[in-house]
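The tour goes stop by stop, with what to select and what to look for.

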Amino acid sequence: MHSTIQKDYIMSGTGLKPPPRRSKIPSYGSRRKGRCKCCVKCVCWCACFLILLCVLVVSLAGLLYLFLQPQMPSYNVDRLQVKAFDVLPDLSNSVEIAVIAIADNPNDHISLIYGKGSSVVVYHEGAPLCSGQLPAFHQPRHNVTLINLILKGKTEFGSSLQEALAGETDKGDIPLLVKVKVPVSLVLQGITLKEAQVLVNCSLVVDSLSPNRPSKIVSASYTYKIHI
């Protein structure tokens, strides 16, 4: 008992204090669980935000579609007349064809800009007869435009092509393929959208390709493709 009292006296005399109580240190496992919960909450909030954003975008796109009611423009060959179809001294053919095409934009809220760099090629049995370009122009909303084209070319088939065409002319059944490639931009309320390539294939059957007389279009069919 005496030794214990002396020990306490010595410690108090030196001014030393007993160490403070240590709080309980959280284990590494508990901190890791807290971080995992925060990550899960963050992922859930991000997922909810993305879903809400997708719903809003789809809703706006649907409303815009209902308002604009977009329709595909149509293109037709109205008239075709051969200006020249001559056999040259080298037995090649010089061809010149005048074409009147119709471009119909049925949209009430969308106008069209036809850009430069278009091409129009007329083929007979896979061989190009003549070619040309569409003019660059702006077509207003709900508009029908007549386009006058002069297509020229030189083929290397000579008299054999003339003989084949003569036989088809006798039958009144000459197949032609008109391929059109034109850059087109949509204009919505004054805002011009990204340009796209419009491809039109027109399969025609005409009764004659005799110069200086209109060729009657017996039948016509069209296919359209758009490359964005």
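This is a predicted model: local features need pLDDT of at least 70, side-chain atom pairs count only at pLDDT 80 or more; totals for chains, interfaces and linings use all residues.

Residues are numbered from 1 along each chain as its sequence is written, and side-chain values use heavy atoms, with hydrogens and water left out.

**Stop 1: the salt bridge**

Select Arg79 and Asp78. Their side chains meet in a salt bridge, 3.0 Å from N to O. The term asks for a side-chain nitrogen of Lys or Arg within 4 Å of a carboxyl oxygen of Asp or Glu. Searching the whole structure turns up one such bridge. Arg79 has 48% relative accessibility, so it counts as partly exposed. Asp78 is partly exposed too, because its value is 35%.

**Stop 2: the tyrosine cluster**

Show rings for Tyr75, Tyr114, Phe137 and Tyr224. Ring pairs link these four into a cluster. Rings of Phe, Tyr and Trp (its six-membered ring) pair if their centres lie within 6.5 Å; planes under 30 degrees apart are stacked, over 60 edge-to-face, and the rest tilted. The count comes to three aromatic pairs by this rule.

Tyr75 lies in strand β1 and Tyr114 in strand β3 (residues 110–114), so the pair ties together parts 39 residues apart in sequence. Strands here are DSSP runs (E, at least two residues), as are helices (H or I, at least four), numbered from the N terminus. Is Tyr75 buried or exposed? Tyr75 is buried, with a relative accessible area of 13%. Tyr114 is buried as well, at 3%.

Now move to Tyr75 and Tyr224. Their ring centres are 6.2 Å apart and their planes are at 50°, so this pair is tilted. It links distant parts of the chain: Tyr75 in β1 and Tyr224 in β12 (residues 217–227) are 149 residues apart. Tyr224 is partly exposed, at 32%.

**Stop 3: a lysine over a ring**

Select Lys179 and Tyr123. Lys179 lies over the ring face of Tyr123, 5.6 Å from the ring centre. The rule wants NZ of Lys or CZ of Arg within 6 Å of the ring centre and within 35 degrees of the ring normal.

**Stop 4: the cavity**

On a 1 Å grid over the protein atoms alone, a cavity is a set of points where a 1.4 Å probe fits but cannot get out; a pocket is an open set with protein on both sides within 12 Å along at least five of seven lines; lining residues have an atom within 4 Å of a point. Grid points are joined across faces, edges and corners, and a volume is the space filled by probe spheres set on the points.

How many cavities of 30 Å³ or more does the whole structure hold? The search finds one. The largest cavity holds about 220 Å³ of space. Select Tyr75, Asn76, Ala101, Leu134 and Val180, the closest to its centre of the 19 lining residues. Colour β1 (74–87), β2 (93–105), β7 (143–155), β8 (174–188) and β10 (196–206): these give two or more residues each to the lining. β2 gives the most, with four. By class, the lining has 18 nonpolar residues, one polar and no charged. Nonpolar covers Ala, Val, Leu, Ile, Met, Phe, Trp, Tyr, Cys and Pro; charged covers Asp, Glu, Lys and Arg; the others, Gly among them, are polar.

**Stop 5**

The largest pocket holds about 440 Å³. Select Pro73, Ile110, Leu112, Leu186 and Ile226, the closest to its centre of 20 lining residues. Elements giving two or more residues are α2 (28–68), β3, β8 and β10. The largest share, four residues, comes from β8. This lining has 16 nonpolar, three polar and one charged residues.

**Stop 6: two positive phi angles**

Select Glu125, in the loop between β4 (119–124) and β5 (127–132). Its phi is near 55°, a positive value in a residue other than glycine. Glu125 is exposed, at 57%. Finish on Gln189, in the loop between β8 and β9 (191–192). Gln189 is not a glycine either, yet its phi is positive, about 50°. At 56% relative accessibility, Gln189 counts as exposed.

Terms used:
Buried means under 20% relative accessible area, exposed over 50%, partly exposed in between (1.4 Å probe, protein chains only).
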